[in-house]
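Here are my notes for someone opening this structure for the first time. Have the viewer ready and go through the points in order.

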Amino acid sequence: MPPELFSPTVQHTLDLVGIFVFAISGALLAVRKNFDVFGMAVLAEVTALGGGLFRDVVIGAVPPAAFTDLGYFLTPLFATLVVFFLHPHVERIQRAVYVFDAAGLGLFCVSGTTKAYAYGLNLTASATLGLATAVGGGVLRDVLANEVPSLLRWDRDLYAVPAIVGATMVALCIDQDVLSPLTSGLAALTAFVLRLLAMRYHWRAPRAWNRRSTVREE
Amino acid sequence: MPPELFSPTVQHTLDLVGIFVFAISGALLAVRKNFDVFGMAVLAEVTALGGGLFRDVVIGAVPPAAFTDLGYFLTPLFATLVVFFLHPHVERIQRAVYVFDAAGLGLFCVSGTTKAYAYGLNLTASATLGLATAVGGGVLRDVLANEVPSLLRWDRDLYAVPAIVGATMVALCIDQDVLSPLTSGLAALTAFVLRLLAMRYHWRAPRAWNRRSTVREE
Amino acid sequence: MPPELFSPTVQHTLDLVGIFVFAISGALLAVRKNFDVFGMAVLAEVTALGGGLFRDVVIGAVPPAAFTDLGYFLTPLFATLVVFFLHPHVERIQRAVYVFDAAGLGLFCVSGTTKAYAYGLNLTASATLGLATAVGGGVLRDVLANEVPSLLRWDRDLYAVPAIVGATMVALCIDQDVLSPLTSGLAALTAFVLRLLAMRYHWRAPRAWNRRSTVREE
C-alpha cells in the first residue's frame, strides 16, 4: 500500500475539509433550484460523498468510507445548516467557496488515485478513478438537480484538467516509486493552483473542429 | 442478524406489495411522459428495485436481491401490464395508489435499515441506507424521466421525513436491543401514517432562510 | 463457465469494436450538445463502458473490466479524437455508425448475458443484465447529457427489443445446454438484424391503451 499523503489525522482532517466545501456547493445549488432543506441535505451529501462512493463501489471497498465514517456523513449536514441559515452570506463569499472547492479537487484527485492503486488497480485505472473521485460528486449533483453537468459544458472554466494532472502526477510518482507525503502534496498543490489559474484566466477547452455553423450555441 | 420483521413468507409478500405499488408509480409517470411500453417497464423496474439495488451494492450484498428473486423482477412487469391496459382506471384511483406508496415507503425504510445493519454497518449508516432504500427508486425514476426528483422539490408534501423517522426508530430499537416484529411493525406504521398525514395536511419542509426575492419561483 | 462466444482474441477484438462504435455515438451527442473535448471524452467513455460497468458492479466482478483492460479505456479516447477532428465526416456516415451501433448492441447483449450467468446468476437475471449491458451505456449517456433517454421514447425505433431477443436466445441456449460459438453468434446476429430491420421499417412499440387525448404529445 502506498504511503499516506499525510499523517492519518491530518489526512482525515483534509478529507473533511474537502467534503465540507463540496457539500457547500451542493447545498448552494439546492437553494438556487428552490429545493427545501431536505433537498439541500441530499444534494450536499451526494456532492460531497458521491465521487468517493463511486470509487469505493468500483474497487470493491464496501461498505464505502462514506457509510463507515460518521464524520463523513455528518459534515455535509453541518454544511447544509450553514447554508440554510447563512445563505446570502455564503453566496457573498462565493469566491472563497470556489477556492476551497479547488482545494477539495486537488485533495480528492490525489487520495482517490492512491486508494484505487492500494486496491490493486493499474496506474491508468487508478488515475481515472482519482479523477472520478474528484469530479464525480459534482456530476451527480448536477444530474440530480436536472442540469447539464457543468463538468461537460464548454463555457465553464477547466475543471477536469487540473484533476487529471494531479491524478497523473500521483500515478507517475507511484510508477517511479517516489510517492511520499511531499510528492503527493505537490500533486495536490499543482491541481489546486491549476484550477485557480483556470478560474482566474477563464481557461476553456476546445470544442470539436469544424462544427457546422448550424450548431446551436447554448 | 436482527429478527425478521415478520415471518419470511409474510415479509416476502409485503416486499412484493411494496415493489408493486412503487412499480405502478413508475409506469404511470412513463405514461405521462409518453413513453412506450418498454419505457414503462424500465421505469417500473427502476422505481421498484432501484432503492434496494443501491443498498445491496453499497453493503456488498451482490448479486442484489433484485436479480436473485424472480418475483422481485416479475412484479414490476405485471404492474406495467396493469397500467398499460387499465391506465385511465389506475389514474382514477390515484389516491389509493398514494396510500399503497406510503405503505411501501414504511415497509422499505424498515427492511432497508434492518438489512444494512445485518451486513455490519453502523446504526447511522443503516438508517441512511434505510432511507435510501425507501426513496432511491423514486429518485432514479425521476432522473431517468428527466424531471427534477420530486423528493427534492419544496412544493411536494413531505416524503423523506416519514422514512427518516421510521428508519431512525428501527436504529434506536436495535441500539436498545428491542427490535422485534412488533417494534419493527410500529416503525413501519409510524412512517406510513406520517406520510398519510403529510399528504392530508400538505406538510412542507422549509427552504433556506432569507432567500433573496430574486430567486425564481418554480 | 459457458463457452466463449469466439476465441478470446476474436472476442476481445469484437468487444473493442462494440466499445468503439458506442463511444462514437457518445462523442457525437457531446458535439451536438456543444460540450468541449473533455465532455466528449467523458460521454464517450460512459456510453461505451457504462453498461458493462453496471453489470460488473451488480454481479460483483470488481474491479470491473472497464478498469482492468487498458484497451477498453483507450478505445473511447481514440473515438473522441476521431470525432473531434472528423466530426462533419462522421456525421455524414451516420448511417454506417448506426449499423455498427446495431452490431455493438448484438455483441453486448450476448456477452453480457454470458458473463452474468458465469457469475452465478439465474437465467432471467442473466438475460436482464445482458439487456442492461447492451443499453445501459446509452441510457447513462442521455442522462448525463440531460436528455430523455432515447431508449424510453416511443418515437424512436425499437432498440430494447432486439437486445431482449438476443439475450433471451442466449439464456434459452444455456438452459438447453446448446450454447456454443455458433448459437451465440446466431443470437448476436439475430439482435443485429432485428435492430437493422427496426430502423429500416421504423418499428415502434405501442404506448398505453386509452391514453386520454389530453396527454401532451412531445
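This is a predicted model: local features need pLDDT of at least 70, side-chain atom pairs count only at pLDDT 80 or more; totals for chains, interfaces and linings use all residues.

1. Helix α1 (residues 8-32) of chain B packs on helix α2 (residues 37-59) of chain B at an angle of about 140 degrees, and their axes are 7 Å apart. That makes α1(B) oblique to α2(B), since angles count as roughly antiparallel over 145 degrees. The crossing of this pair, α1(B) with α2(B), is right-handed.

2. Which residues of α1(B) meet α2(B)? From α1(B) come I19(B), F22(B), A23(B), S25(B), G26(B), A27(B), L29(B), A30(B) and V31(B). Their partners in α2(B) are G39(B), M40(B), L43(B), A44(B), T47(B), A48(B) and L49(B). Sorted by class, the contact of α1(B) with α2(B) holds twelve nonpolar and four polar residues, with no charged ones.

3. Now switch to chain C for another helix pair. Here helix α1 (residues 8-32) of chain C packs against helix α6 (residues 123-144) of chain C, at an angle of about 15 degrees and with the axes 10 Å apart. That makes α1(C) roughly parallel to α6(C), because angles under 35 degrees fall in that class. The crossing of α1(C) and α6(C) is right-handed.

4. What does α1(C) bring to its contact with α6(C)? It brings F22(C), S25(C), G26(C) and L29(C), which meet A134(C), R141(C) and D142(C) of α6(C). By class, the contact of α1(C) with α6(C) splits into three nonpolar, two polar and two charged residues.

5. Zoom out to a whole chain. The C-alpha trace of chain A spans about 50 × 45 × 30 Å along its principal axes. For 218 residues, a compact globule would have a radius of gyration near 17 Å, and chain A agrees with that, having 17 Å.

6. A few backbone details deserve a look. Most residues other than glycine have a negative phi, and most peptide bonds are trans. In chain A, N34(A) is not a glycine, yet has a positive phi of about 70 degrees; N34(A) sits in the loop between α1 (8-32) and α2 of chain A.

7. Where is the cis peptide bond that involves P63(A)? The bond runs from V62(A) to P63(A), with omega near -10 degrees, and P63(A) lies in the loop between α2 (37-59) and α3 (65-68) of chain A. In chain B, a cis peptide bond joins V62(B) and P63(B), with omega about -5 degrees. P63(B) is in the loop between α2 and α3 (65-68) of chain B.

8. Last, how do the chains relate? Chain A superposes on chain B by a rotation of 120 degrees with 0.0 Å of shift along its axis, at an RMSD of 0.0 Å. The two copies are thus related as by a three-fold rotation axis. For chain C on chain A, the superposition is a rotation of 120 degrees with 0.0 Å of shift along its axis, and the RMSD is 0.0 Å.

Methods. Residues are numbered from 1 along each chain as its sequence is written. Chains are lettered from A and ligands numbered from 1 in the order in which they are written. Side-chain values use heavy atoms; hydrogens and water are left out. Copies are superposed by least squares on the C-alpha atoms of residues with pLDDT of at least 70 in both. Axes are lines fitted to C-alpha atoms, for helices over the stretch in contact, and angles run from 0 to 180 degrees between N-to-C directions. Helices (H or I, at least four residues) and strands (E, at least two) are DSSP runs, numbered from the N terminus. Angles under 35 degrees count as roughly parallel, over 145 as roughly antiparallel, 65 to 115 as roughly perpendicular and the rest as oblique. A crossing is left-handed if the near helix is turned anticlockwise from the far one by less than a right angle, and right-handed if clockwise. Contact means heavy atoms within 4.5 Å. Ala, Val, Leu, Ile, Met, Phe, Trp, Tyr, Cys and Pro count as nonpolar, Asp, Glu, Lys and Arg as charged, and the others, Gly among them, as polar. The radius of gyration is taken over C-alpha atoms; the globule rule is 2.2 Å times the number of residues to the power 0.38.
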